[in-house]
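Subject: A structure for you to look through

Dear colleague,

I am handing over the structure below, and I would be glad if you opened it beside this message.

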Amino acid sequence: LLRGSVFPVTEQGKDRGGEGASCWGPEMVFAIVAPIGTPDTRFRNELEGGLHAYGYTTEWIKLSQLLKDQAQKHGNPVRSSPEHLRVSDLMDVGDLLCEEAGSAAAVALHGVNEIRKKRAEYKSPDGPDFTKPVPGIPRRAWILDSVKRPAEVKHLRRIYGDHLIVLGIQAGPTTRTNRLNELIEPHAVSMGEAELHDIVSR
């Protein structure tokens, strides 16, 4: 679906991507919107494969990792397992950051800062210089994985404008609940339906 609609592959398009593609192309930012428990492996593979086919280098910005880093700084590290505790801890850290910043977009803005840092490092191997504008990096796709709040998308659009592409993944409550339970079971006794519903609905 992605290759057919977002990344059409045609004979005429071969000079736009893949081997021999021009090194010039707009720098883009993707924001993935994926509720807890949504199966996403195929989607991610298709997205990265489509971008690579058009000569883009991808850089994934895992917001969950940024949350883990912030939790560590606050002296309250995120538990690695079981899955429902890991997810709950990440949500708590996200809520805390939003409360401290007075903005529901706080988590996504940490992702923006990470992109800014990586762009500066790319252009200045000897160390980022944040006092100077950083030119665009041709055919670089930054992927924010993943945003959860409408306010995050709103702020990202203000920052990146037309260079932002928002991609949503969705699955029904039953699929998401079953997926979460599959991740929990290797580490703990299966949770009740009500408890799982509380997590996927949070």
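Before the findings, one convention about angles: those under 35 degrees count as roughly parallel, those over 145 as roughly antiparallel, those from 65 to 115 as roughly perpendicular, and the rest as oblique. The axes behind these angles are lines fitted to C-alpha atoms, for helices over the stretch in contact, and the angles run from 0 to 180 degrees between N-to-C directions.

Please keep in mind that this is a predicted model, in which local features need pLDDT of at least 70 and side-chain atom pairs count only at pLDDT 80 or more, while totals for chains, interfaces and linings use all residues. Residues are numbered from 1 along each chain as its sequence is written, and side-chain values use heavy atoms, with hydrogens and water left out.

The overall plan

The protein has eight helices and four strands, where helices (H or I, at least four residues) and strands (E, at least two) are DSSP runs numbered from the N terminus. Read from the N terminus on, these elements follow the order α-β-α-β-α-α-α-β-α-β-α-α. Of the 202 residues in the protein, 39% are buried; buried means under 20% relative accessible area, exposed means over 50%, and partly exposed lies in between, with a 1.4 Å probe and protein chains only. If we take the contacts (heavy atoms within 4.5 Å) between residues at least 6 apart in sequence, 72% of them join residues at least 24 apart.

The sheet

Strands of a sheet pair through backbone hydrogen bonds, either parallel or antiparallel. Here, four strands form an open sheet in the order E2-E3-E1-E4, and the pairing is parallel; two strands are said to pair if DSSP finds at least two bridges between them. Strand E2 (57-62) and E4 stand at the edges with a single partner strand each, so one side of each has no neighbour in the sheet. From one strand to the next, the twist averages 25°.

The pairings can be followed residue by residue. E1 and E3 are joined in the parallel sense over six bridges, and among the partners in E3 are Ala 141 for Met 28, Trp 142 for Val 29 and Val 147, which stands opposite Val 33. Val 33 also stands opposite Gly 168 in E4, and E1 and E4, which run parallel, are joined by five bridges.

Which residues of helix H6 (150-160) are buried? They are Glu 152, Val 153, Leu 156 and Tyr 160, and because they cover an arc of only 95° around the axis, they lie on the same side of H6; the arc is that of the directions from the helix axis to the C-beta atoms. Pro 150, Lys 154 and Arg 158, on the other side of H6, are exposed. The buried residues of H6 are covered by elements that include strand E1 (28-33), helix H5 (106-123), strand E3 (140-147) and strand E4 (164-168). After H6 comes Gly 161, whose phi is positive, near 55°.

Pairs of helices

H5 and H6 pack at an angle of about 30° with their axes 9 Å apart, and they are therefore roughly parallel to each other. Their contact is made by Val 107, Ala 108, Leu 109, Val 112 and Ile 115 of H5 together with Glu 152, His 155, Leu 156, Ile 159 and Tyr 160 of H6.

Helix H3 (residues 63-73) and helix H4 (residues 83-101) also have their axes 9 Å apart, but pack at an angle of about 75°, and are therefore roughly perpendicular to each other. Ser 64, Leu 67, Lys 68, Gln 70 and Ala 71 of H3 meet Leu 90, Val 93, Gly 94 and Leu 97 of H4 in this contact.

Arg 119 is placed in helix H5, and it counts as buried because its relative accessibility is 17%. Arg 119 and Arg 140 are 21 residues apart in sequence and 9.9 Å apart in space, C-alpha to C-alpha.
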